[in-house]
Amino acid sequence: MLVKAHQTGNRLALGHRSPVSQNRFMTTSAKPTPTRRRLLLASDRGDHSSELADILREVGEVDLVATADIPSAPARDISGVVVDINLRSPESVQMVRNKLRSKAYSAVPRLFVLADALHHASMQAWALGATDTIMRPLDAHAILQRIQAAFPASETYDATDRGKMLNRGVAAAHAVITKIFEKLPAGVPLKFSDVVEAEGKILKAIKHSSLREWLTAVGCHHADSYRHCLFVTGFAVAFAQHLGMREEDQRRLTRAALLHDVGKAFIPAEILDKPEKLTPEELAEVREHPRRGYQALAEQGGFPPEMLDVVLHHHELLDGTGYPNALRGNQISDIVRVTTIVDIYAALVEKRPYRMPYTHARAFGVMEKMGGKLDQQLLQAFRPVAFGCF
Ligand SMILES: [Fe+2]
Ligand SMILES: [Fe+2]
């Protein structure tokens, strides 16, 4: 028995790991994700979005169409739709809405180009089902990174069921993280159903693919905060599956991991992405994120208590030196302990602007040295998941 089993309340049922899941995380045969895509670029611009089309051709074939000519169903191997229209024109918006609301487009990611940072245009894009947005002036590097993060590559999309499941899981997780970091600060509420919709796809992706492939797929994300949440989710799901948790507990942990840093949506990006050391004031502001996230979800309502528990307490430490409430020992639930371990581990092995990623051995060593701050028994149970995925 790796860790004590619990069945009720805020406790997770942590059972034996199965030999099957153990072997899966030890696999070393994953192939890198191919990068070619087929994209539909819908434009109503006088220049036919030629600059954008040239940028997109770096990562795939581009089918350039006028908005009136968007096909009623997308090509079978399409990776996503890029919409470059005048979002202030009611006719253009209506035309795109009519075309994309067809069921055939429901699972296709869509990237909208905004002319400026105006609130109205971005709201319009979200209302049209945007998966992500980019802004003029066009930055080729940023656009390509966003396409790679949000749009599955055609070969894997079409290649195997495993590849499809991985892509669907990554796209579903990406959509939730985008809602957190872009819609929430713009006043669009995040609903519990948004998260529930994604969790099944994420669980399936990691179960039928591998944690390594998940990390490879999400590792190219353009923003540190997004990438971090996607890493934490991957580690949490793989850990849950490794421990043989019940399906419902796996779902609870997936939701919690996806949303754990929701409060960072309210912290200015200049602070979150600052490459230099934070000032004491900035650090204090970052440390507000558990409370800010908790308040946002509690005010919105409909989120289960264990999710609020994780959002508020994932920086608590067993010896009482954590924040915001300096909880100790048994005051910290299992789901929080698991999230804290995968959160710290993910943060250490991620690349940051101010340092290279830690090796797995070094990250593990740091966490072992944290001694009584972390549940060391649980940390040891996590070792094969962490070491087996690279
Ligand atoms: Fe956090
Ligand atoms: Fe985090």
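The model is predicted, so local features are described where pLDDT is at least 70 and side-chain atom pairs count only at pLDDT 80 or more, while totals for chains, interfaces and linings use all residues. Residues are numbered from 1 along each chain as its sequence is written, and chains are lettered from A and ligands numbered from 1 in the order in which they are written.

Let's start with the big picture. The chain has 390 residues, and 44% of them are buried. Here a buried residue has 20 or more other C-beta atoms within 10 Å of its own, an exposed one has 12 or fewer, and a partly exposed one is in between, with C-beta atoms placed from the backbone. Take the contacts between residues at least 6 apart in sequence: 68% of them join residues at least 24 apart. Two residues are in contact when their C-beta atoms, placed from the backbone, lie within 7 Å.

Now zoom in on helix H11, residues 247–259. H11 has 13 residues and spans 19 Å from its first C-alpha to its last, close to the 18 Å expected at 1.5 Å a residue; that expected span is 1.5 Å times one less than the number of residues. Ten of those 13 residues are buried, so H11 is largely enclosed by the rest of the structure. Among the buried ones are Asp249, Arg252, Leu253 and Leu259.

Packed helices are described by the angle between their axes and the distance between the axes. The axes of H11 and H16 come within 10 Å and cross at roughly 50 degrees. Axes are lines fitted to C-alpha atoms, for helices over the stretch in contact, and angles run from 0 to 180 degrees between N-to-C directions. H11 and H16 are therefore oblique to each other (under 35 degrees is roughly parallel, over 145 roughly antiparallel, 65 to 115 roughly perpendicular, and the rest oblique). Arg252, Leu253, Ala256 and Ala257 in H11 meet Ile335, Val338, Thr339 and Val342 in H16.

Compare that with H8 (192–208) and H10 (224–242), which pack at about 70 degrees with their axes 10 Å apart. That pair is therefore roughly perpendicular. On the H8 side the contact uses Ile202, Leu203, Ile206 and Lys207, and on the H10 side Thr233, Gly234, Val237, Ala238 and Gln241.

Most residues other than glycine have a negative phi, and most peptide bonds are trans. Ser49 has a positive phi of about 50 degrees although it is not a glycine, and sits in the loop between S1 (37–43) and H2 (50–56). Is Ser49 buried or exposed? With 23 C-beta neighbours inside 10 Å, Ser49 counts as buried. Ala326 also has a positive phi of about 50 degrees, but with 12 such neighbours Ala326 counts as exposed. As for cis peptide bonds, one runs from Arg136 to Pro137, with omega near -5 degrees, and another from Tyr323 to Pro324, with omega near 5 degrees.

Methods
Helix = DSSP H or I, 4+ residues; strand = E, 2+ residues; numbered from the N terminus.
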